[in-house]
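Hi,

Here is the model I said I'd pass on. Have a look, and my notes follow below.

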Amino acid sequence: MLDIFLSFFLTQSFFAVLSQVIALGGWIVLAYGLLFAGLALTGAYKAGKETSKWEWVLLAIDVPQMNVQTPKAVEQLFAHIFSIWEPSSIGTVFRRGYARQSYSFEIISIGGYIQFLIRVRTIYRDVVEAAVYAQYPQAEITEVEDYVGTIPDTYPNDTHNIWAAEYLLTKPSAYPIRMYKEFEHNISKDTVLKDPMGTLLESFTRIGPGEQVWFQMIIEPIAEKHWKEDAIKEIKNLIGEKTPSKKNFFDYIFDNPLTKELAHGTNEMLSQLTGSEGGVGSGESSDTGKDSPNNLLYLTPGQKKLVEAMEEKISKVGFNTKIRLVYSATHDIYTPSRAVNSFTGAMNQYNVPFSNTILPKYMTSVQYLFADQRKDYRRRVILSGYKKRDIDIGKKPFVFNTEELATVWHFPMSHVATPLLQKAQLKTAEPPIGLPVEYTRPQSEIDEDIASGVRDAAQRPRYKTDSGEVEYTNDSGGVRFG
Amino acid sequence: MNESFVRHVVSFLGTIVAFLAYYSGYVSAGHGWWWTGFGVFAIYLILYKLLDV
């Protein structure tokens, strides 16, 4: 056999071997590669063309001083904004162009002044505003200019330096982090929820003039099939549930009732000849343990709790998530430890050692092998991902459900006394019902009035209320009801 | 890279696939043509899998 194999390759010319390998099925492998490349190129080109038309808006959110809403409100906000998810199809991918929709939830501190921000596609601005106002009617939402242009893109740099990191999960996304519900402290009389956001925001106030800390959480709504199936496999693995493997060609030949009966008969004959225990009925007794679908009964209380937490995680919708932190300052005041260590400490609150932890796994701290060059490369990569709000730059994103997102990013409750956090100063209220609203008359009516010689009346603005049209005769307040 | 260029590239790749199928049939000739003939059905499976976007 080996001789035939070797003589095939060694006794013929290279082109003869190549030609025969292609003829014997090698061409199918090449065809797969070429078709894959062609379709991927088309999809990527169409997606690029589609996203180049997208326009974005950056919204600053100020919540009122006396915010009594818990992170549950923000969890509902995330569930609300999941609505922009769009499934991919052959038409959208290869014809129109398909790219996943995303939001960027950010908290920034510029010289110690803190601001909550949401970046969203302009066409979905109303979705975000509705979701925020639904939970925080007193919130102020303002469109602001993007701040990311305030620090340079390339490093090493003459004026600035940055420390940047991507925070990743240490275990698969199926394992949840510590949720906000676990920060409840029932013994305490005054504050029931020990808001983890207090620690995070406190780390942002440590910096001074000339320094900036940017925290970013980019999220993309994703389909259930892209993460829940993996999570279910992980749960089954934990509880020892056997998943039936798919039957292959050999299973059909060797694992059918006929072969089973033959094996059973042979076993019986052997047991009678040798006198050993292995005759009829012995097989059934050994199979008793196999009937149990899983080992759930034998799990420790901690393991059971973990399985419950994992099942609860997949009961909610999920988002692809990328968390980045950037600290920047001019060279003379560059002290990343002022904000970075305390921020990482704040993220440690969400860690559950036997479940999942969030750690800065891709960062600008490199110790060996071209360390300086690699640090600068990572600075450029992470900063470019941050500025472009691109979830794919850097390491692979992980999946958070709405509850985990709300745990990490939520508006602080009123007992969090961060001094320099931007909060809504004005008290707003609903306008009285039935206020006159200006409207535009149909052009045909205006043309008719002009034609009949009443040009002034035709061009005067018109107002209407629920009870009918209101006509203002002059600016001093004279009113005549129509 | 414009749309016309992408269309040229994808069409060229498709032509190569067709040429590979033709070439393998030509090389295997009369005594092995069925080997390539059955192989052509693999294209169906490949495209079915790749179009699962």
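Searching the whole structure turns up one cavity of 30 Å³ or more (on a 1 Å grid over the protein atoms alone, a set of points where a 1.4 Å probe fits but cannot get out). The largest cavity holds about 50 Å³ of space, a volume being the space filled by probe spheres set on the points, which are joined across faces, edges and corners. A:Ile84, A:Trp85, A:Glu86, A:Tyr98, A:Ala99, A:Arg100, A:Gln101 and A:Pro221 line the largest cavity, where lining means having an atom within 4 Å of a point.

This is a predicted model, so to speak of sources: local features need pLDDT of at least 70 and side-chain atom pairs count only at pLDDT 80 or more, while totals for chains, interfaces and linings use all residues. Residues are numbered from 1 along each chain as its sequence is written, chains are lettered from A in the order in which they are written, and side-chain values use heavy atoms, with hydrogens and water left out.

On to the interface. In chain B, 27 residues are in contact (heavy atoms within 4.5 Å) with 27 residues of chain A. Together the two chains bury about 2,500 Å², 80% of it on carbon and sulfur atoms; that is accessible area (1.4 Å probe) lost on being put together, summed over both. Two salt bridges link chain B and chain A (a side-chain nitrogen of Lys or Arg within 4 Å of a carboxyl oxygen of Asp or Glu). One salt bridge pairs A:Lys46 with B:Glu3 at 3.1 Å, N to O.

As for confidence, the model scores ipTM 0.92 and pTM 0.78.

Cheers

Note on methods. 1 Å grid on protein atoms, 1.4 Å probe; cavity = no way out; pocket = protein on both sides within 12 Å on 5 of 7 lines; lining within 4 Å.
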